[in-house]
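Colleague: Could you walk me through reading this model? I would like the general idea behind each feature and then the case at hand.

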Amino acid sequence: MTTKVYCYHCMTYHRPESMQKIMTRTGERWRCIRSIEAAQSSVDARDAFGERQSEINKARARAVQENAMLDRRLTAFVL
Ligand SMILES: [Zn+2]
């Protein structure tokens with residue numbers, strides 16, 4: 001018989017070798033390594049996404065500025 005450990009994150013039981021004991025505000029708890037790693041990689045992905053998004057925003061702001069300058073130049077030329 002295999003003893004299973006309750007995973008507070010998945011709210012189910014996993015095999016003890018895939019579990020890791022972690023400290024929470026309420027005390028020691030068991031959580032599966034898989035869910036810990038999944039949480040970490042989703043944080044990484046979120047960070048990467050945030051950086052990419054701010055790069056896009058910067059590029060967009062720059063393009064808008066350049067367009068505005070071009071518009072002014074064209075207006076000046078036409079007048
Ligand atoms: Zn789990």
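This is a predicted model: local features need pLDDT of at least 70, side-chain atom pairs count only at pLDDT 80 or more; totals for chains, interfaces and linings use all residues.

Colleague: What pattern does the chain follow along the sequence?

Modeller: Helices (H or I, at least four residues) and strands (E, at least two) are DSSP runs, numbered from the N terminus. Here the order is β-β-β-β-α. The radius of gyration is 26 Å, well over the 12 Å that the globule rule gives for 79 residues, so the chain is more spread out than a compact globule. That radius is taken over C-alpha atoms, and the rule is 2.2 Å times the number of residues to the power 0.38. The C-alpha trace spans about 90 × 25 × 15 Å along its principal axes.

Colleague: How many bridges join S3 to S4?

Modeller: Two strands pair if DSSP finds at least two bridges between them. Strands S3 (residues 19-24) and S4 (residues 27-32) run antiparallel and share six bridges, with a hairpin of two residues joining them. Met19, for one, has Cys32 in S4 as its bridge partner.

Colleague: Is Met11 buried or exposed?

Modeller: Buried means 20 or more other C-beta atoms within 10 Å of a residue's own, exposed 12 or fewer, and partly exposed in between, with C-beta atoms placed from the backbone. Met11 has 7 such neighbours and therefore counts as exposed. Met11 sits in the loop between S1 (5-7) and S2 (12-14), and its phi is near 55 degrees, a positive value in a residue other than glycine.

Notes:
Residues are numbered from 1 along each chain as its sequence is written.
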